[in-house]
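This briefing concerns the helix packing, the nonpolar core and selected loop residues of the model shown below. Please read it alongside the sequence and coordinates.

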Amino acid sequence: LPLTVAERLPEAAGRLEVTAARRFLADHCVKCHGPAKRAGDVRLDDLPADPAAAVDRWAAARDQVRDGLMPPDGSPRPPADAARGFVAAVAAVTGG
């Protein structure tokens, strides 16, 4: 049987959260943690779209931003509301 709209909402919301989180990473993190430069041997541009496939990596990125450890001192910081949004988006899709 086809899923009802109500049954599809959590999946659709999860996709939107992942899209927002990936946009934040692209805007604020991939310059130093991407294919060209892997600071700290961390690469964030290749995080899977399905957070369940890499919960530990998604959660680590969330925690670094949440705790103010990334971006590091001396680097441009994203707006506070963007950082909070990223943390909330990742928490929503990883359950934490």
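Axes are lines fitted to C-alpha atoms, for helices over the stretch in contact, and angles run from 0 to 180 degrees between N-to-C directions. Helices (H or I, at least four residues) and strands (E, at least two) are DSSP runs, numbered from the N terminus. The model is predicted, so local features need pLDDT of at least 70 and side-chain atom pairs count only at pLDDT 80 or more, while totals for chains, interfaces and linings use all residues. Residues are numbered from 1 along each chain as its sequence is written, and side-chain values use heavy atoms, with hydrogens and water left out.

**Packing of α2 and α3**

- The axes of α2 and α3 are 9 Å apart, and the two helices pack at an angle of about 155°.
- That angle makes α2 roughly antiparallel to α3 (under 35 degrees counts as roughly parallel, over 145 as roughly antiparallel, 65 to 115 as roughly perpendicular and the rest as oblique).
- From α2, the residues V55, W58, A61, R62, V65 and R66 meet A83, F86, V87, V90, A91 and T94 of α3, contact meaning heavy atoms within 4.5 Å.
- The residues of this contact of α2 with α3 comprise 9 nonpolar, 1 polar and 2 charged (Ala, Val, Leu, Ile, Met, Phe, Trp, Tyr, Cys and Pro count as nonpolar, Asp, Glu, Lys and Arg as charged, and the others, Gly among them, as polar).

**Nonpolar core**

- A nonpolar core is a set of buried Ala, Val, Leu, Ile, Met, Phe, Trp, Tyr and Cys residues joined through side-chain atoms within 4.5 Å; buried means under 20% relative accessible area, exposed over 50% and partly exposed in between (1.4 Å probe, protein chains only).
- The largest such core has 16 residues, of which A21, F24, L25, L44, W58, V65 and F86 touch the most other members.
- At least two residues of this core come from each of α1 (5–28), α2 (55–66) and α3 (80–94), and α3 gives the most, with 5 residues.
- Residues up to four places away in sequence aside, V65 touches F24, M70, A83, F86 and V87.

**Loop between α1 and α2**

- D41 lies in this loop and has a phi near 60°, a positive value in a residue other than glycine.
- D41 counts as exposed because its relative accessibility is 70%.
- K37 is found in the loop between α1 and α2 as well, and counts as partly exposed at 44% relative accessibility.
- Apart from neighbours within four places in sequence, K37 is in contact with K31 and C32.

**Loop between α2 and α3**

- P71 is located in this loop, and the peptide bond from M70 to P71 is cis, with omega near -10°.
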